Amino acid sequence: MSCARGGSVFSRVDKRVSVLLVLLMIFALAGCSSGSSPGQAKKQGAVELNLAHFFPATHPAETELIQPWAKAISEATDGQVIIKSNPGETLLKADGIYEGVVNGVADIGLSCFSYTRGRFPVLEAFELPGTTYNNSKVASKVAWEGIKQLNPQEIQDTKLMMVFCTGPGDLFTKIPVNSLEDLQGLGIRATGLSADTLKALGANPVPMPQSDAYEALSKGVVKGNLSTVEVLKGWKHAEVTQYLTRTPFLYNTLFFITMNLDKWNSLSPENQKAIEEVSKEYFEEVAISLWDKQAETALKYAFDEKGMKEIKLSDQEISRWVNLVKPMQDDFVKKMNEKGYQGQQIMDTVKSLADKYNKEYK
């Protein structure tokens, strides 16, 4: 009898436990449906955008700009727009990124306009020698504002999100360059427009990629390099050059971040607005000073640790150099006029904006 009563007790306990388990499951399911489904809906409905660029994953362009910018966009769109970065040419080669965005191979791309020279004729005005840029902030503000003013046809096939620049490039040499006479016949590593610039000044441009310059400098194959100063540390060029001649009127490179037009048009107006607001913030707070920050670190390394000497040209000497490269601007105006563009207006836009922002960012 005791066993019968015990079995009955255990039976009643089992039933209660079963009821409690069922109730707990019901509450759990209710909690999931009310609390988790909105998040799941966003995740399921999120748009993932592949971004292609050529910088290594450790470069500030990736770590300080692209990653935080992508995170801010995800937050601003409440998780509805997710950007996946593909650095180091893992999705597209550097010179194929813009066309890759146009064709939808990548949804977003970061690269240089100059990698496809001739594809962006109007934008070449911002990279021509003869215009002084005090720093990357100046060059970036000039380029982005100038592009919005000119609104050239060549960029209408994507949604341009921001343009920023390296700013000025300088001469790093194994011998001091204080004047044009010191530059005559000097072998300087350069490519593209920079090579044309050095040739106009009487130097001997030697084309080679940046990755080969250290060895060429160390062996004396070339006597210098024309580039932005971050290579003094990033590529260790301060180890194989002794002099830095300031030439803020010889060099500038434009980078773009742009999106496939169909992909942009597929986004809701709310998400488009959020992306534009985030992009504006990151342009002003990060992109325009990205190369200035690298330059500051590189110069400290070059001067304090490697003992490089800085050379500043006199105003008279600068005028001599600028006069020699001015025909490159004149030739640009002529060619643009022949193509039906307002060549002088384009060049005047660049110069007036440079004057404006050089005063603001000294």
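Helices (H or I, at least four residues) and strands (E, at least two) are DSSP runs, numbered from the N terminus. This is a predicted model, in which local features need pLDDT of at least 70 and side-chain atom pairs count only at pLDDT 80 or more, while totals for chains, interfaces and linings use all residues. Residues are numbered from 1 along each chain as its sequence is written, and side-chain values use heavy atoms, with hydrogens and water left out.

The chain holds 14 helices and eleven strands. Of its 362 residues, 48% are buried, where buried means under 20% relative accessible area, exposed means over 50%, and partly exposed lies in between (1.4 Å probe, protein chains only). Contact is taken as heavy atoms within 4.5 Å, and among contacts in the chain between residues at least 6 apart in sequence, 77% join residues at least 24 apart.

We turn next to the sheet. Two strands are said to pair if DSSP finds at least two bridges between them. Six strands form an open sheet of mixed pairing, in the order β7-β6-β8-β5-β9-β11. Its edge strands, each pairing on one side only, are β7 (204–206) and β11 (309–312), and the twist averages 30° from one strand to the next. Axes here are lines fitted to C-alpha atoms, for helices over the stretch in contact, and angles run from 0 to 180 degrees between N-to-C directions.

Within this sheet, strand β5 (residues 170–173) is joined by four bridges to strand β8 (residues 224–227), and the two run antiparallel. Asp170 stands opposite Ser227 in β8, and Leu171 stands opposite Leu226 in β8. Strand β5 is also joined by three bridges to strand β9 (residues 243–246), again in an antiparallel arrangement, with Leu171 opposite Thr245 in β9. Asp170 and Phe172 point one way from β5, whereas Leu171 and Thr173 point the other way, and all are buried. Helix α7 (residues 192–201) lies across β5, β6 (187–189), β7 and β8, and runs at about 160° to β7.

An α-helix has 3.6 residues a turn, so residues three or four places apart point the same way. After α13 comes Gly340, whose phi is positive, near 95°.

Helix α3 (residues 60–76) can be read in a similar manner: its 17 residues should span 24 Å, and the 22 Å between its end C-alpha atoms agrees with this. It bends by about 30° at Ile66, and a proline, Pro68, follows within four residues. Its buried residues include Pro60, Ala61, Leu65, Ile66 and Trp69. The helix is followed by Asp78, whose phi is positive, near 55°.

Two packed helices are described by the angle between their axes and the distance between the axes. The axes of α3 and helix α12 (residues 290–305) come within 11 Å and cross at roughly 140°. At this contact, Pro60, Ala61, Glu64 and Leu65 in α3 meet Leu290, Lys293 and Gln294 in α12.

Two residues remain, both in the loop between β3 (108–112) and α5 (136–150), namely Gly130 and Phe113. Gly130 counts as partly exposed because its relative accessible area is 21%. Phe113, by contrast, counts as buried because its relative accessibility is 4%. Apart from neighbours within four places in sequence, its contacts include Tyr98, Phe120, Leu123 and Phe255. Phe113 and Thr253 are 140 residues apart in sequence, yet 8.0 Å apart in space, C-alpha to C-alpha.

Notes: The expected span of a helix is 1.5 Å times one less than its number of residues. The bend at a residue is the angle between axes fitted to the seven residues ending there and the seven starting there.
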